[in-house]
Amino acid sequence: MYVRKTGLARGRPQARRFCTIMSFLMFAEHPTHMTQLTLIVAMDAQRGIGIDNKLPWHLSEDLAHFKRLTSGHPIIMGRKTFDSIGRALPNRRNIAISRNPEWRHDGVETAGSLDAAIALVGAAPAFIIGGTQIFAASMDLATRMVVTEIAHSFDCDTYFPALPAGWHETARETHHSDANDYDYAFVTYEKAAP
Ligand SMILES: NC(=O)c1ccc[n+]([C@@H]2O[C@H](COP(=O)([O-])OP(=O)(O)OC[C@H]3O[C@@H](n4cnc5c(N)ncnc54)[C@H](OP(=O)(O)O)[C@@H]3O)[C@@H](O)[C@H]2O)c1
């Protein structure tokens, strides 16, 4: 862990020891604060994200966008989202969270909690890819969200949580889907590190 050497840390050995212990305690209490977490989600005009454990739409441009951003990076997901995808996604470390210690799937690492999943990736930037339960649990730990906002309403039974205070939009790219005849936008939201 990188600790900036303050005047105190550069000083007497006793003071240096104090700084080291404090840094360790901060790290132990917040084991996730070194990981750069990005939530990535596609939602409709009512914040809907899923129905019957599937995506409610087929938007190939969004699938390509998801692949482009997440390839080469760890992806963390709830077990139901993994079931909805049905296979490990290539060129990425796949981590699924489940309370069932017996749960296994080829090409997927299993974690018993969100913290355990984040501990697996260490300091590597990682993507939280859903679903609602895992988005809700990780929102306070993330510093960035990449949201595909679809300007259309679908039948949904699963929703993306409302953004807590502190998040603000930093980029927006608007597109039109000719295949579906609706607009959608790739939007980035950011907040200061927790
Ligand atoms: N539009 C999008 O961008 C997008 C993205 C992802 C998913 N989705 C949709 O979202 C829906 C799935 O979302 P969901 O909220 O129902 O499920 P989910 O968050 O994907 O997975 C829930 C499961 O994760 C495990 N889990 C949750 N909290 C846990 C904890 N604290 N400790 C350990 N394990 C925990 C449990 O697995 P066990 O039951 O095995 O213990 C739980 O049943 C689907 O419709 C999917 O298509 C949409």
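Arg47 lies in the loop between S1 and S2, where helices (H or I, at least four residues) and strands (E, at least two) are DSSP runs numbered from the N terminus. This is a predicted model, in which local features need pLDDT of at least 70 and side-chain atom pairs count only at pLDDT 80 or more, while totals for chains, interfaces and linings use all residues. Residues are numbered from 1 along each chain as its sequence is written.

**Confidence**
- The mean pLDDT of the chain, pLDDT being the predictor's confidence in each residue from 0 to 100, is 87, and 81% of its residues reach 70 or more.
- Over residues 1-13 the pLDDT stays under 50, and the model has 11 contacts beyond four places in sequence for them, a contact being two residues whose C-beta atoms, placed from the backbone, lie within 7 Å.
- Residues 15-32 also have pLDDT below 50, with 14 contacts in the model beyond near neighbours in sequence.
- Where pLDDT is low, the predicted coordinates should not be read in detail.

**Backbone in the loops**
- Arg47 has a positive phi, near 70°, although it is a residue other than glycine, and it is partly exposed, with 17 other C-beta atoms within 10 Å (buried means 20 or more such atoms within 10 Å, exposed 12 or fewer, and partly exposed in between, with C-beta atoms placed from the backbone).
- Asp52, in the loop between S2 and helix H3 (60-70), likewise has a positive phi, near 50°, and it counts as exposed with 10 C-beta neighbours inside 10 Å.
- The peptide bond from Gly130 to Gly131 is cis, with omega near 0°, and Gly131 lies in the loop between S6 and H6.

**Strand S1 and its partners**
- Because 5 of the 7 residues of S1 are buried, this strand is largely enclosed by the rest of the structure.
- S1 pairs with S6 in the parallel sense over 3 bridges (pairing requires that DSSP finds at least two bridges), and Leu39 has Ile128 of S6 as its bridge partner.
- S1 and S7 are also paired in the parallel sense, over 6 bridges, with Ile40 opposite Val146 in S7.

**Ligand shell**
- Among the 29 residues around the ligand, those that come nearest are Gly50, Gly78, Thr81, Gly130 and Gly131, a residue being near if its C-beta atom, placed from the backbone, lies within 6 Å.
- Strand S1 (37-43), strand S2 (48-50), strand S3 (75-78), helix H4 (79-85) and helix H6 (132-138) each supply at least two residues of this shell.
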